[in-house]
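Please report on the fold features of this model.

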Amino acid sequence: MGMTNIRARLIVVLVVLCGFLAVAGAPSATAATPSDSLWFDGTSLTVQNGRFVDGQGREVVLRGYNVSGETKLAENNGLPFASVADAKKSATALRALGGGNAVRFLLSWAYAEPVQGQVSTTYLAAVTAQMQAFLDAGIRVFPDFHQDLYSRSLFNSGSWYTGDGAPAWAVALGGYPAESCGICLFWGQNITQNAAVQKGQYDFWHNNYGLQDAFLTTAQTTMAYLAQHLTTDEFAGVVGFDPYNEPYAGSYDSGETSRTWEQNRLWPFYQKFRARMDAAGWTAKPALVEPNLFWNANIDSQKQEGGLLDAGTLGSRYVFNTHFYDQKAISGILMWGNASDGQYSTDFGTVRDRASAAGTAAVVSEFGHPLSGTTSGKAPTVDKAMYQALDSRLPGSSWWTTPASSGPVLSGTQWQWDIYNGRHHELMNGNASKVLTSGDAWNDEDLSAVNTNDSGTVTLRQDARLLDRVYPGATAGSTLAFTYEDRSRDGSTTLTWNPVPSSLPNVAALVGSGQYAVQVWRSGSSTAPTELHLPASFPTASTTVVSDLGTAYAPPAYSSSTPVGVAAEPGGTGSRRLLLTDSDSGVLHFALVTNGATAPSSTLLNAARSELAAWVAAKF
């Protein structure tokens, strides 16, 4: 969509809204694009042919984190950060340390509408300013109105658990029973065992007391505010909107099943939300819709039929958005030992297949594993296996032999990126005698990939090799296969699940014990380059690229006439990308990127290139 059309639509939206929304301040002037941007950066994303696509026609993969569980807490009034300065610090670290190009940005209905019918522009202004910190760092954003256990206000000062989401006034309307989970070992059991939580969820999905209508109005007001107060360039970085986190019926009506609930309750809600997006000036952006929370549970007793099976073709206006946690591993009982190569190939393959059947793109907007507690020792392998499954639907053991079955590279945002981890001061359910400081300060969770050290520096809590990864952020064409061997560590053990096969001896010699990625793609009509994120562990001076487009050790700076080059990523954070430029369409291309070689000879580079070319010709 052109700039003129965007502005024209925003003006129409504001005129329509003026009858019920008083917005503080005038629209921001158009700001400069993020520093280090190149001519092909900064365009809006759309959904085409089951993929995210940028304005240059390139296939885009979103990788990053949830920002953040802090929104669930009261200590910063339902905001991800205490200040814009903290948001900027977090965004810089997320880009430079975590390698992310996108975040799922959590919002709170309770703080957006603290009084029934009155949206807080103070909250929306703070949200906008903190969101801008990420957009200005070149990080794409999709907001999420978050909830867990329906509402914090269902719980009292003596409760063992807490929730987030609906405002206190919404809970007061329901007159719910005193909350009790009975014998619950995990907070998530409240979803199906706590009568107060169940009744609150049930009322929302049945629009009792007008709860759903109120939420939709607040959501529309929020989206209209963001559309007005973000600059044109910033708004282009907003991917879409996640309407509702982890939806569940609460309880089913007589004769109702999980599948019919999705069809008759959940999907109509998403259609209403979609209409509110259109009215708020978000017509060109997709709704990132989640199915029934339990549709892909990996414990059979929890699994429920779903996945928006009866919604038809979602197409370009919706994205299939789901979560995945290994509840077997988290239980400490149902999965002994660690995850291994290909552990989640089938689970994430199901996500790919469901999105493909629905005719849209997919995003796994939450995944991860606890970093403290009795099962935290599984985290290095569980998370490696999840990233492996995002990259390809194949285990490493079969990737080189059947790469054409690799499938699309999935977008995903890990839970979570909380710079306050271990330094909270949260009064649990308002109880001054229960001050939570450790972990994520919410129901004993501890999943943040980062914290802040005593000197105020954001620091990774997980192996940088695992988190800061090579991935194809934008492909000029269609990715046919991708893999990344991160060589991440489980304690002192280096995990190698996808070694280069002995049938490619020169490639194996080039990679050695280093990290490596391989991408195979078919070029399209875009004149913009294919780009892969370069982790900090791939310094330009020691990065090797072997491609049909050229070979390079210590690749030169990017220029339009350089087929293999390196450039900074937008945002001025110091992160970098490899840019590969072709001048054709419909042609197979490949690239190997590794940090394992030291000043390789031209003979070795050419031999590795010949091996890869023959492999591509044989496998595709």
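The report below takes these topics in turn.

## Basis

This is a predicted model, in which local features need pLDDT of at least 70, side-chain atom pairs count only at pLDDT 80 or more, and totals for chains, interfaces and linings use all residues. Residues are numbered from 1 along each chain as its sequence is written, and side-chain values use heavy atoms, with hydrogens and water left out.

## Sheet

An open sheet is built from 7 strands. Their order is β1-β2-β3-β15-β20-β24-β23, with antiparallel pairing. Strands (E, at least two residues) and helices (H or I, at least four residues) are DSSP runs, numbered from the N terminus. Two strands pair if DSSP finds at least two bridges between them. The edges are β1 (46-48) and β23 (564-568), each of which pairs on one side only.

Within the sheet, β3 (residues 59-60) and β15 (residues 472-475) run antiparallel and are joined by 2 bridges. Val-60 stands opposite Ala-474 of β15. In general, strands of a sheet pair through backbone hydrogen bonds.

## Nonpolar cores

A nonpolar core is a set of buried Ala, Val, Leu, Ile, Met, Phe, Trp, Tyr and Cys residues joined through side-chain atoms within 4.5 Å. Buried means under 20% relative accessible area, exposed over 50%, and partly exposed in between (1.4 Å probe, protein chains only). The largest core holds 109 residues. Phe-134, Trp-282 and Trp-417 have the most contacts inside it. Helix α8 (residues 211-229) supplies the largest share of this core, 10 residues. Apart from it lies another core, of 21 residues, including Ala-481, Leu-612, Trp-615 and Val-616.

Contact means heavy atoms within 4.5 Å. Not counting residues up to four places away in sequence, Trp-282 touches residues that include Pro-143, Met-223, Phe-235, Phe-241 and Arg-274.

## Disulfide

The whole structure contains 1 disulfide, a pair of cysteine sulfur atoms within 2.5 Å. Cys-181 is joined to Cys-184, with an S to S distance of 1.7 Å. The link of Cys-181 and Cys-184 is left-handed, with -80° about the S-S bond.

Both ends are covered. Cys-181 counts as buried because its relative accessible area is 7%. Cys-184 is buried too, at 10%.

## Asp-353

Asp-353 sits in helix α12 (residues 345-357). Its relative accessibility is 42%, so Asp-353 counts as partly exposed. Gly-407 is 54 residues apart from Asp-353 along the chain. The C-alpha atoms of Asp-353 and Gly-407 are separated by 9.6 Å.
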